[in-house]
Amino acid sequence: MTKSMDGVVFDIKRYAVHDGPGIRTTIFLKGCPLRCLWCHNPESFSPEIETYARINRLGEKEVSENVFIGKDYTSEHLLRELAKDQLFFDESGGGVTFSGGEPLLQIDFLEDMLRACKRMDFHTVVDTSGFAPLENVKRIMEFTDLFLFDVKHMNQAEHMKLTGVSNKQILDNLKFLLQNEKALIIRYPMIPGYNDSQENISQLLDFLKGFSWKPEINILPYHRIGRDKYNRFNKENRMPAISSLKPEDTDWVKDQFVQAGYKVCIGG
Ligand code: SF4
């Protein structure tokens with residue numbers, strides 16, 4: 001590593017098994033330009049380090065403590081943390097996943113970390129909303145073994161309503177990765193009543209039919225886990241209290257992708 005970069009990380013999850021192959025360490029980079037209604041990580045929205053008041057109970061007394069959300073890391077420091085997990089990566093065929101927030105928002109830090117991970121021979125995954133300039137996707141492509149790429153809605157106006165941003169750049173980036181036959185898994189968060197219309201599923205299938213490269217599809221059934229974070233971190237929760245989906249509720253979507261020749265998994 002030449003000059004060490006700085007990045008803001010809001011969580012590090014060790015022994016992760018749903019963020020790519022094998023046992024992984026997932027680095028959650030802070031900051032996201034989207035505001036998905038159903039987001040489970042509202043503490044990731046701001047790119048800045050924030051604080052919140054945590055109430056601790058000491059006997060009969062309640063004591064408020066200021067807790068930081070996010071921490072500055074240099075790429076050297078973070079790499080040293082990752083090196084501690086090398087044995088698990090080697091034994092399980094795992095590696096490092098960069099998630100968020102939107103990891104491409106901290107593109108200099110992300111690129112630096114990915115390059116460093118490849119020098120260590122770690123398998124690398126980037127879990128992205130796809131909302132980033134194409135230039136940024138190109139910068140990390142060579143050092144990213146696998147993309148986990150969200151597709152939330154195919155209709156531009158609906159996408160805007162649900163996430164606050166257009167899907168144009170996202171679909172352009174996805175097209176670029178598919179045309180270049182990059183290893184990628186499409187993740188479709190299935191939110192009942194919001195993006196689970198037959199029309200949306202058909203549009204995604206039509207879009208994918210335009211490419212000979214067939215990515216794996218992961219359907220992520222909506223769940224309510226994480227809703228309490230909005231209160232805890234003092235963020236506005238705009239998502240109505242709808243029920244979680246059971247894995248079998250997604251079967252009718254899974255069947256259509258399987259029939260079209262895609263490998264499909266429920267969950268990540
Ligand atoms: S892209 Fe991910 S982190 Fe960002 S708001 Fe949407 S669900 Fe949350």
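## Thr128 and its surroundings

The backbone nitrogen of Gly130 lies 2.8 Å from a polar atom of the Thr128 side chain. A polar contact of 3.0 Å also joins the side chains of Thr128 and Glu102; the term covers a pair of N or O atoms within 3.5 Å, one able to donate a hydrogen and the other to accept it, and residues adjacent in sequence count only if both atoms are side-chain atoms. This is a predicted model, in which local features need pLDDT of at least 70 and side-chain atom pairs count only at pLDDT 80 or more, while totals for chains, interfaces and linings use all residues. Residues are numbered from 1 along each chain as its sequence is written, and side-chain values use heavy atoms, with hydrogens and water left out.

Thr128 is part of strand E7 (residues 123-128); strands (E, at least two residues) and helices (H or I, at least four) are DSSP runs numbered from the N terminus. Thr128 counts as buried because its relative accessibility is 2%, the limit being under 20% with a 1.4 Å probe and protein chains only. Leaving out residues up to four places away in sequence, Thr128 touches Glu102, Leu104, Phe147, Leu148, Phe149 and Asp150, where contact means heavy atoms within 4.5 Å.

## Nonpolar cores

A nonpolar core is a set of buried Ala, Val, Leu, Ile, Met, Phe, Trp, Tyr and Cys residues joined through side-chain atoms within 4.5 Å. The largest has 52 residues, of which Leu174, Leu208 and Phe257 touch the most other members. Helix H3 (residues 107-119) supplies the largest share of this core, seven residues. Another core, of 14 residues, lies apart from it and includes Leu34, Cys36, Trp38 and Met239.

Beyond its neighbours within four places in sequence, Phe257 is in contact with Ile201, Leu204, Leu205, Leu208, Ile217, Tyr262 and Val264.

## Largest pocket

The largest pocket has a volume of about 1,000 Å³. On a 1 Å grid over the protein atoms alone, a pocket is an open set of points with protein on both sides within 12 Å along at least five of seven lines, and lining residues have an atom within 4 Å of a point. Grid points are joined across faces, edges and corners, and the volume is the space filled by probe spheres set on the points.

Of the 38 lining residues, His40, Asn41, Asp127, Arg187 and Leu220 are the closest to the centre of the largest pocket. Strand E1 (6-16) gives the largest share of this lining, three residues.

Note on methods: Buried means under 20% relative accessible area, exposed over 50%, partly exposed in between (1.4 Å probe, protein chains only). On a 1 Å grid over the protein atoms alone, a cavity is a set of points where a 1.4 Å probe fits but cannot get out, and a pocket is an open set with protein on both sides within 12 Å along at least five of seven lines; lining residues have an atom within 4 Å of a point.
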